[in-house]
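Dear colleague,

I am passing this structure on to you, and I would be glad if you could look through it with the notes below at hand.

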Amino acid sequence: MAKKIKVQAQYRKDGGYQYLHVFGESVKSISEGSRERVICSVPGKEESFPSALMPDGKGNFYIMLSRRLMKDVPPLPDLVDIQLQKDESKYGMEVPEELEVLLEQEVEFSERFHELTPGKQRSIIHLISSPKRVETRVDRAIRIAENVKMGVTSPQEFLKR
């Protein structure tokens, strides 16, 4: 299991966006200088979440925070202590059971899924795992699998048709 590191980050809001600005020196032990998938823990949020250390072009990084992710988290101070851990999972996020089953049973879908870029694979994982109802997740998984088998490679198109 990858080691966890504690770092201090600047919490920022810019327009409708929220993010953590992390200084490059503090994450050298888990980052190779490019986009790095990490598991992040912030104060006030019970569960850790998968994210990416995105380079800012100046040797530092930022972690995007969605409104949905931060919905129940009390307002963060300007400087916040966070924990980061290199994400060593295969896809950079937990794979829903509905997708696992399709990847095992549908050879053509599995082959095409694994030809997609890691970001597009994560888009599919997110689209399938985001609904609360199992029926909705199953329906999405099947629709996405059919579209991918027909050659759809754009995340905006995965749920269409």
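Strands β4 and β5 (residues 61-65) pair in the antiparallel sense over two bridges, where strands are DSSP runs of E with at least two residues, helices are runs of H or I with at least four, and both are numbered from the N terminus; two strands count as paired if DSSP finds at least two bridges between them. This is a predicted model, in which local features need pLDDT of at least 70 and side-chain atom pairs count only at pLDDT 80 or more, while totals for chains, interfaces and linings use all residues. Residues are numbered from 1 along each chain as its sequence is written, and side-chain values use heavy atoms, with hydrogens and water left out.

Within this pairing, M54 stands opposite Y62, and P55 has F61 as its bridge partner. Five residues lie between the two strands of the hairpin, and there G57 takes a positive phi near 85°.

Strand β4 (residues 49-55) is mostly covered, with five of its seven residues buried, that is, under 20% relative accessible area, as against exposed at over 50% and partly exposed in between (1.4 Å probe, protein chains only). Strand β3 (residues 36-41) also pairs with β4 in the antiparallel sense, over five bridges, and E36 has L53 as its bridge partner there.

Strand β2 (residues 17-22) pairs with β5 in the antiparallel sense over five bridges, and the partner of Q18 is L65.

With kind regards
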